[in-house]
Amino acid sequence: MTTDRPDPSTPDEPETGTAPADHAPADHAPAGVDGAALLRTSSAVVAALAPAALLVVVALVVGPRLGDTIARHWSGDGPADGFSGTWSSFAVVATIVAALTAVSIVAALTRRGRPSRLIAGGAASFAGLAACTWVATALATAAAPTPEEAVAGWTPALTLPGLAWGVVVGWLATGSGVRALPDEELDDRASVRPADLRPGERLAWSGTTGSPVFVVMGSVLMALAIVVGVVLFATGASSVVVHAAVLFLAGAAVLALGRVRLTVDRRGVRLVSALLGIRLLRVRLADVAGVETETLDPLSWGGWGLRVSKRGTAYVTGRRPGIVVRRRDGSAVAVTIDDAESAASVAAALAAR
Amino acid sequence: MLIRLDPASEMPLADQVVTQIRRGIADGGIEIGERLPSARDLAAALAINMHTVLRAYDSLRTSGLIELRRGRGAVVIAGADAPTTALYDAAAALVRDAARLGIAPADLATIIRGMT
């Protein structure tokens, strides 16, 4: 069931004599959250962050004692025979660890059972391995007067707990994300009754939504980028500051999703970042083919955040009620928002004008 | 929150904005702590002058309903008092009764205007 634009030959008349809307808004009271699953999922996320944290802490603590080069390779028990730039290697490893950590966290938050746990654990394993490898070379180099005299000693053993860390993350991840209990019926797609419009009347609907998760994640990434950037710059490795800049922009992009405003008016249905003022989504009124409300499931819309999936483009903060606007070309735009029915009824009415 | 403007109405546009936001606060559509759209954005949405919206926001600020802060925009700081809420509830009931008799809100408004 959808609310399509009415035939243009029937102009919208002010509705007289109609009974009050019998369109009862669906009950979207948030279901209880499984406390144990929440605890395990949060622990998995924290555990997944550990390799990145270890890397940063070691870089901050041991970094000042390191020179421009770091021992990288040993053959047998002797001193090192391979070297790389201290901070360029750190930047490369940090980028890899950050990417793997992100994969691990997203997998831990995803409800796909065993595959989620395997991906969360696997990514954390490689993140742990990468982080611990750099930590091991840094410790070995710092323990020696010069990188050329560095002896591997016990440090290669560090990579084992790093690799094993994935088991911890995989075990903590439930593969069920944070499941809401009880599992509500999802197929609640509903048509909307267009708002009553008088000729010439102007309507402006506006509402804000967001997610503290995006604010925290974005801020952490940007802070990390600044730390990495300052460290790199201070040590003269300015050529790899690009890595920090990319990390900073990624953080800004996540932060931009932290607080958004949905507006429905003569300009169409628009989603704008309330924090950065960037327009994220837009459907012009002339392009609107239909408007519906639906409980948006992150799994069917491609995940959390601003996502593109085969169902369309969506801003999703969780399994929450939202508005779905279908374009004439068949694509769709969806946004989780409070009072989605009212936003949808305004959009349907304006699009029908 | 929803704002409706009727350019054909005799009521000045700024007053209409004020009335609509007051109604939203009274019926719970706008909550305490909610941030209103920026004056520039609301003006663009309604195709009216930004100063009209600023005048409306200033009037709401004088009434103690919103707070205007540079950089933060307009934030709702007070809910409706009980008598105002009761009046809006009574008006909503009147609109429902009228609808049952086949009288549209616009016609009801004309009836009410004829009483003064």
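Author: What covers the buried residues of helix H2 of chain B includes E7 and E8 of chain A, together with E1 and helix H3 (50-62) of chain B. Helices (H or I, at least four residues) and strands (E, at least two) are DSSP runs, numbered from the N terminus. A residue is buried if 20 or more other C-beta atoms lie within 10 Å of its own, exposed if 12 or fewer, and partly exposed in between, with C-beta atoms placed from the backbone.

This is a predicted model, in which local features need pLDDT of at least 70 and side-chain atom pairs count only at pLDDT 80 or more, while totals for chains, interfaces and linings use all residues. Residues are numbered from 1 along each chain as its sequence is written, and chains are lettered from A and ligands numbered from 1 in the order in which they are written.

H2(B) spans residues 39-46, and its buried residues are Ala39(B), Asp41(B), Leu42(B), Ala45(B) and Leu46(B). These residues lie on the same side of H2(B) because they cover an arc of only 165° around the axis; the arc is that of the directions from the helix axis to the C-beta atoms. An α-helix has 3.6 residues a turn, so residues three or four places apart point the same way. Just after H2(B) comes Ala47(B), with a positive phi of about 55°.

Now the contact between the chains. It takes 23 residues from chain A and 21 residues from chain B, where two residues are in contact if their C-beta atoms, placed from the backbone, lie within 7 Å. On the side of chain A that touches chain B, the elements giving two or more residues are strand E7 (202-210), strand E8 (259-265) and helix H7 (340-352) of chain A. E7(A) gives the largest share of that side, 7 residues. By class, the side of chain A has 7 nonpolar, 9 polar and 7 charged residues. Here Ala, Val, Leu, Ile, Met, Phe, Trp, Tyr, Cys and Pro count as nonpolar, Asp, Glu, Lys and Arg as charged, and the others, Gly among them, as polar.

E7(A) also pairs with a strand of the other chain: 4 bridges join E7(A) to strand E1 (residues 2-5) of chain B, and the two run antiparallel. Strands pair if DSSP finds at least two bridges between them.
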